Amino acid sequence: MNSIFSQKLSDDAEIRRIEVLFDSLPSSIVVSLIGVFLCFLVLFDTAGMEPLKLWVAYMLSVLAVRAWFRYMFTKCDRQIAGIHRWEWLFAFGTFLTGIGWGVLFGPLYPPPTHPDAQMFVALMVVITAFTGSVFVALSNITFWLFIIPILSPAIFHYAATLGDQAQWPITAAACCIAVFIIVQRTLYRSSTDSLQRSTEAEILLAEQQAIFDSSPMGIAVIRGKQVIKSNLRFGELLGRRIQDLTTSRVDHHFVSKDEADRFLADTAAAFEKGHLAQGMYRLRRADGTQFWAELSGRTMAGGTGHSVWMIADVTLRVANERRSHKRD
C-alpha cells in the first residue's frame with residue numbers, strides 16, 4: 001500500500017524518512033499553537049464562546065496526542081517491518097489537525113458583518129495549509145490527509161454561500177491546491193533523493209571506518225608532515241596513544257633525521273609522478289626500541305594535500321633476508 005504513495009527507497013533511507021518526518025513535528029506544533037492563539041483572538045468577538053472553547057480544546061488535545069506519538073516513536077525499535085505503521089499514525093494525527101482547521105469554515109466562520117475576520121480566517125487557513133504541506137512534504141499520505149480536510153470545507157462553504165458568484169473563490173482555491181501539490185512534490189523528490197544519497201554515504205562511511213579500525217596494518221592519514229588520523233594498529237606499532245599520534249609529526253617517528261628526510265624526498269618524488277610511494281624505513285617506538293616498517297602511501301583525490309599510508313612491521317622479514325644473504 002505504501003509503495004503507491006511513496007518513492008521506493010532503501011530500507012535505511014525509508015526509516016530515516018520517517019525519522020525526519022517526526023523530527024519536524026515540534027516545529028509544526030509550535031506553528032499550530034501560534035495559529036490557534038491568533039484565531040482565538042480574532043474570533044473571540046464573532047463566534048460563540050462555547051464553540052470557540054470547544055475548538056481550542058480540541059486543537060490543543062490533538063496537538064498533545066501528536067506530541068505523545070512522537071515521544072512513543074523516540075522510544076520504539078525502528079525496524080523497516082513496522083516503520084510504515086508509524087507513518088500512518090503520524091498521518092492520522094495530522095488528519096485530526098486538518099479537521100480542526102477545516103471547522104473554521106463551519107460554525108466558527110465569522111458573519112458577513114465582520115469582513116476583516118473573514119479575510120483573516122481565509123488567509124490563516126491558506127497559510128496553515130501551505131506551511132503544513134512543507135512540514136509533511138516527506139510523506140505523500142500525510143500530505144493528502146492534511147490538505148483535504150482543510151481546504152474542502154472552504155470550497156464547499158463558498159460554493160454554498162456565494163452560488164454563481166463562487167466561481168472565482170473556487171478557482172482560487174483550486175489554484176492554491178495546485179500550488180501546494182507542486183511544492184509538496186518538489187520537496188518530496190528533492191528530500192527523498194537527498195535522504196537516499198546521505199544514507200548511502202553514511203553506510204559507506206561506517207563500512208570504511210570498520211575497515212580502518214580493524215585493519216591488521218597500521219593506517220595513517222597525513223597532511224604535509226602532520227599525522228591527521230590513525231587507527232589503533234598504528235598506535236600499537238609505535239607504542240603510542242592515538243591522541244598522541246594525531247598531534248605529532250610523521251618525521252619525528254623515524255630513527256634518524258636522514259631517514260626521515262629520505263622518506264619525505266621519496267614521497268614527494270613519487271607523488272609528483274602520480275605513483276604509489278613505497279619504501280622500508282626504521283621507526284622508533286615510544287620506549288626507544290626500533291623496528292623496520294614498510295610504508296606505502298597514495299595521495300587522496302580532490303587536491304586536499306592529504307595522503308593515506310599503510311604501515312606494516314617487517315622486522316622479521318628484514319632479519320630473515322639478512323640471514324639469507326650471510327649464508328650466500
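## Surroundings of Val-121

In this predicted model, Val-121 makes contacts beyond four places in sequence with Leu-43, Leu-104, Phe-105, Tyr-109 and Pro-110. Val-121 belongs to helix H6, which covers residues 115–135. The relative accessibility of Val-121 is 1%, so the residue counts as buried, the cut-off being under 20%.

Gly-274 lies 153 residues from Val-121 along the chain, and the two C-alpha atoms are 68 Å apart.

## Overall dimensions and fold

Twelve helices and five strands make up the secondary structure assigned to the chain. The radius of gyration is 33 Å, whereas a compact globule of 328 residues would have a value near 20 Å. The C-alpha trace spans about 110 × 40 × 35 Å along its principal axes.

Among contacts with a separation of 6 or more, 59% join residues 24 or more positions apart.

Of the 328 residues in the chain, 38% are buried. The accessible surface amounts to about 18100 Å², and carbon and sulfur atoms contribute 63% of that area.

## Confidence

The mean pLDDT of the chain is 84, with 93% of the residues at 70 or more. Over residues 1–5, pLDDT stays under 50.

Note on methods: Residues are numbered from 1 along each chain as its sequence is written. This is a predicted model: local features need pLDDT of at least 70, side-chain atom pairs count only at pLDDT 80 or more; totals for chains, interfaces and linings use all residues. Side-chain values use heavy atoms; hydrogens and water are left out. Helices (H or I, at least four residues) and strands (E, at least two) are DSSP runs, numbered from the N terminus. The radius of gyration is taken over C-alpha atoms; the globule rule is 2.2 Å times the number of residues to the power 0.38. Buried means under 20% relative accessible area, exposed over 50%, partly exposed in between (1.4 Å probe, protein chains only). Contact means heavy atoms within 4.5 Å. Accessible areas come from the Shrake-Rupley method with a 1.4 Å probe; for residues, only the protein chains shown count as cover. pLDDT is the predictor's confidence in each residue, from 0 to 100.
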